[in-house]
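Hi,

Here is the structure I promised to pass on. Have a look at it first, then read my notes below.

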Amino acid sequence: MFKNVIAPVQAWLLSRGQCVGCGMPLKHGKKKSSENGKEKIICKCGRIFIHDKKAKKYRRALFEEV
Ligand SMILES: [Zn+2]
């Protein structure tokens, strides 16, 4: 039940381009590799995100992408 409350908040933060952990705008994060229009962004809190440049969307990095 706890997760059901957290997930929409995280989705909302990501839709605004903010880290789900600390709320920092991800454009201020460390940008790493960029392949296939996707950019890996490492937040200062250590969370890793994928920025899809085509879709202009952020999402949490999958385990195999980390
Ligand atoms: Zn963060």
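Predicted model: local features only at pLDDT ≥ 70, side-chain atom pairs only at ≥ 80, totals over all residues.

Residues are numbered from 1 along each chain as its sequence is written, and side-chain values use heavy atoms, with hydrogens and water left out.

**The zinc site**

Cys 19 sits in the loop between α1 and β1 (helices are DSSP runs of H or I with at least four residues, strands are runs of E with at least two, and both are numbered from the N terminus). Which atoms hold the zinc ion? Its protein donors are the SG atoms of Cys 19, Cys 22, Cys 43 and Cys 45, at 2.2 to 2.3 Å. A donor here is an N, O or S atom within 2.8 Å of the metal (3.2 Å for Na, K and Ca), and since water is not among the atoms, sites may look incomplete. In sequence, the donor residues follow the spacing C-x2-C-x20-C-x1-C.

Why is the arrangement called tetrahedral? Because the four donor atoms subtend angles of 101 to 118° around the zinc ion, and four donors count as tetrahedral if all angles lie between 85 and 135 degrees. For reference, the ideal angle for four tetrahedral donors is 109.5 degrees.

Cys 22, another of the donor residues, is partly exposed, with a relative accessible area of 39%. As for Cys 19, its contacts (heavy atoms within 4.5 Å) beyond four places in sequence include Cys 43, Cys 45 and Phe 49.

A polar atom of its side chain lies 2.8 Å from the backbone oxygen of Gly 23. Leaving out residues up to four places away in sequence, Gln 18 touches Leu 13, Gly 23, Met 24, Pro 25 and Leu 26.

**The sheet**

Four strands make an open sheet in the order β1-β2-β3-β4, with antiparallel pairing (two strands pair if DSSP finds at least two bridges between them). β1 and β4 (57-60) are at the edges with a single partner strand each, so one side of each has no neighbour in the sheet.

β1 pairs with β2 (residues 38-42) over four bridges, and Glu 35 stands opposite Lys 38 in β2. β3 and β4 also pair over four bridges, with His 51 opposite Tyr 58 in β4. These two strands form a hairpin with four residues between them.

Most residues other than glycine have a negative phi. Asn 36, in the loop between β1 and β2, has a positive phi, near 55°. Lys 56, in the loop between β3 (48-52) and β4, has a positive phi near 55° too. Asn 36 is exposed, with a relative accessible area of 71%, and Lys 56 counts as exposed at 68%.

Enjoy exploring!

Note on methods. Polar contact = N/O pair within 3.5 Å; in protein donor to acceptor, adjacent residues only side chain to side chain. Tetrahedral: all angles 85-135°; square planar, octahedral: opposite > 155°, others 65-115°. Buried < 20%, exposed > 50% of the residue type's maximum accessible area, 1.4 Å probe, protein only.
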